[in-house]
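Please keep the sequence and the model side by side while reading.

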Amino acid sequence: MKERQIEHRGVVTEIMSQCVKVTIVQEVACATCAAVSLCHSSEKNQRVIDIPCPDAGRYSVGQEVTIVGQVGLGLRATVWAYAVPLVMLMAVLSLVYAWTGSEGWGALSALLTLILYYIVLYAFQGRLQRKFTFQIKDF
C-alpha cells in the first residue's frame, strides 16, 4: 500500500545548483470559513522549503509547483520535535525531584537536558534533513 502524501502548492523563490527553494503558504483549517474576515484566529504562515533537486535548472523563479512529502515523515518529525523532549523533560524532572527533593534542581536539570537534546538534534541536522525531505511533483 502506498503511503499517504502531504501536498502543498508553492512558488519557486530561488534556484541553486542542486537545490530549489520553494515558498509555501500554510493556512489554518478555518481559512475557508465564511466568517474568516470577522474572526481573528485565522492566520497564514509562509515557509521556505529547501528541496534537493539534481535537475534544478528545469525550474524558474516564480514558477508555481506542487511539493509532496510523506505523512509518516511529518508524524516522525513531530515526535522528534515535541514528544521526545516532553517525555525527557518529565522524566528528568521527576527523577531529580525524587532523588533530591528539590523542585529547583529538578527544573534546572530538566531545562539543561532539553538544551542538550536540542544541541544534539542540531548536530544531527544534516542527517535529519536527508530523511525529512519534500519532492517537487511532476505533472
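A salt bridge is a side-chain nitrogen of Lys or Arg within 4 Å of a carboxyl oxygen of Asp or Glu. Lys21 forms such a bridge with Asp50, the closest N and O atoms being 3.1 Å apart, and this pair links distant parts of the chain, since Lys21 belongs to strand S2 and Asp50 to strand S3, 29 residues apart. It should be kept in mind throughout that the model is predicted.

**Charged pairs**

By this rule the count comes to three salt bridges, and they are set out in the table below.

| Lys21 | Asp50 | 3.1 Å |

Side chains of opposite charge can pair when their charged atoms come close. Glu64 counts as exposed because its relative accessibility is 52%, whereas Arg9, with a relative accessible area of 47%, is partly exposed.

Asp50 itself is partly exposed, with a relative accessible area of 42%. Leaving aside neighbours within four places in sequence, Lys21 is in contact with several residues, among them Val11, Val12, Thr13, Val48 and Ile49.

**The nonpolar core**

Which residues make up the largest nonpolar core? This core has 12 residues, namely Val12, Val20, Val22, Ile24, Ile49, Ile51, Cys53, Ala56, Tyr59, Val65, Ile67 and Ile136. The elements that give two or more residues to the core are S2, S3 and S4, and the largest share, three residues, comes from S2. In soluble globular proteins, nonpolar side chains tend to be buried together. Ile24, one of the core residues, is in contact with residues including His8, Arg9, Asn45, Ile49 and Ile67, once its neighbours within four places in sequence are left aside.

**A loop residue**

Pro54 lies in the loop between strand S3 (44–52) and strand S4 (64–70), and it counts as exposed because its relative accessibility is 67%. Not counting residues up to four places away in sequence, Pro54 touches Ser17 and Gln18. The C-alpha atoms of Pro54 and Val20, which are 34 residues apart along the chain, are separated by 9.3 Å.

**The aromatic pair**

How many aromatic pairs does a search of the whole structure find? The search finds one, formed by Tyr117 and Tyr118, whose ring centres are 5.2 Å apart and whose planes stand at 75°, so the pair is edge-to-face. The cut-off behind this reasoning is that planes over 60 degrees apart count as edge-to-face. Tyr117 counts as buried at 10% relative accessibility, whereas Tyr118, at 38% relative accessibility, counts as partly exposed.

Key:
Residues are numbered from 1 along each chain as its sequence is written. This is a predicted model: local features need pLDDT of at least 70, side-chain atom pairs count only at pLDDT 80 or more; totals for chains, interfaces and linings use all residues. Side-chain values use heavy atoms; hydrogens and water are left out. Helices (H or I, at least four residues) and strands (E, at least two) are DSSP runs, numbered from the N terminus. Buried means under 20% relative accessible area, exposed over 50%, partly exposed in between (1.4 Å probe, protein chains only). Contact means heavy atoms within 4.5 Å. Rings of Phe, Tyr and Trp (its six-membered ring) pair if their centres lie within 6.5 Å; planes under 30 degrees apart count as stacked, over 60 as edge-to-face and the rest as tilted. A nonpolar core is a set of buried Ala, Val, Leu, Ile, Met, Phe, Trp, Tyr and Cys residues joined through side-chain atoms within 4.5 Å.
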